[in-house]
Amino acid sequence: MIMQKDKISIIRRKIKYPRIELKTGVPVLILPQNSSFDETEVLDKHKRWLRQKLEFIEKTKKKYKNQKIYQRSENDLIKLVTSFVDEYSKILEKKPSKISFRYMKTKWASCSKEGKITFNSVMKYLPPRLIRYIVFHEMAHLLVSNHNKNFWRLIKKEFKNYTHYEEQLFGYWFLLLEESPKSKDH
Ligand SMILES: [Zn+2]
């Protein structure tokens with residue numbers, strides 16, 4: 001496969017070694033700041049891995065292209081998320097210090113060190129089960145901040161089949177964020 005360079009964003013960050021991230025489906029090559037790493041060389045070295053990832057993305061896109069897109073107001077999303085937050089606050093015995101909603105380009109939600117959770121407004125187009133999953137996932141970060149074994153163990157307690165949820169969210173990402181959700185009427 002020929003690597004199309006325009007399909008990859010290249011950024012520099014304060015890290016030691018080059019890294020490729022695929023959070024949103026668009027590969028991002030992250031290079032250490034002030035280093036002599038050559039981007040072409042790095043991409044070449046990880047060509048096979050990258051190709052597999054890109055193939056997975058294409059497959060997921062196809063698989064989820066006809067998923068139902070829900071129509072909710074932002075208010076309804078806030079209500080739904082708040083009810084899940086309340087529910088899981090009891091189970092996890094931990095509450096976020098604050099929750100907020102805004103449009104984000106790279107993630108469904110995030111949890112700060114101070115326990116503030118930000119949800120992507122685009123979640124309003126998702127099925128309830130995925131909204132529930134995102135809420136639990138972020139609230140689990142109040143207890144375990146990174147994606148280590150303990151984190152996934154905690155997730156498994158509530159969502160045995162969490163890899164399937166993660167895949168569905170990946171699929172919805174392309175439906176909702178690669179194209180404008182406004183153009184879809186279901
Ligand atoms: Zn996470």
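Student: Which pattern does the chain follow, read along the sequence?

Tutor: This is a predicted model, in which local features need pLDDT of at least 70 and side-chain atom pairs count only at pLDDT 80 or more, while totals for chains, interfaces and linings use all residues. Residues are numbered from 1 along each chain as its sequence is written. Helices (DSSP runs of H or I, at least four residues) and strands (runs of E, at least two) are numbered from the N terminus, and the chain has six helices and six strands. Read along the sequence, their pattern is β-β-β-α-α-α-β-β-β-α-α-α.

Student: What percentage of the residues of the chain count as buried?

Tutor: A residue is buried if 20 or more other C-beta atoms, placed from the backbone, lie within 10 Å of its own, exposed if 12 or fewer do, and partly exposed in between. The C-alpha atoms of the chain fill a box of roughly 50 × 40 × 30 Å along the principal axes. Of the 186 residues, the share that counts as buried is 19%.

Student: What distance separates the end C-alpha atoms of α4, and what span should its residues have?

Tutor: The expected span of a helix is 1.5 Å times one less than its number of residues. For the 13 residues of α4 this gives 18 Å, which agrees with the distance between its end C-alpha atoms, 18 Å.

Student: At what angle do α4 and α5 pack?

Tutor: An axis is a line fitted to C-alpha atoms, for helices over the stretch in contact, and angles run from 0 to 180 degrees between N-to-C directions. The axes of α4 (residues 128-140) and α5 (residues 149-158) are 10 Å apart, and the helices pack at an angle of about 145 degrees.

Student: Which residues make the contact between these two helices, and how do they divide by type?

Tutor: Two residues are in contact if their C-beta atoms, placed from the backbone, lie within 7 Å. The contact is made by F136, H137 and A140 of α4 together with F151, L154, I155 and E158 of α5. Ala, Val, Leu, Ile, Met, Phe, Trp, Tyr, Cys and Pro count as nonpolar, Asp, Glu, Lys and Arg as charged, and the others, Gly among them, as polar. The residues of this contact are therefore five nonpolar, one polar and one charged.

Student: With which residues is M123 in contact, leaving aside its neighbours within four places in sequence?

Tutor: M123 is among the residues that touch the most other members of the largest nonpolar core. Leaving aside neighbours within four places in sequence, its contacts are L77, W108, I131 and I134.

Student: How far apart in space are K61 and F174, C-alpha to C-alpha?

Tutor: K61 lies in helix α2 (residues 47-63), whereas the place of F174 is in helix α6. F174 counts as partly exposed because 19 C-beta neighbours lie inside 10 Å. K61 and F174 are 113 residues apart in sequence, yet their separation in space is 6.5 Å.

Student: Why does E93 count as exposed, and near what value is its phi?

Tutor: E93 is found in the loop between α3 and β4. E93 counts as exposed because it has 9 C-beta neighbours inside 10 Å. Most residues other than glycine have a negative phi. In E93, a residue other than glycine, phi is positive, near 55 degrees.

Note on methods:
A nonpolar core is a set of buried Ala, Val, Leu, Ile, Met, Phe, Trp, Tyr and Cys residues joined through C-beta atoms within 7 Å.
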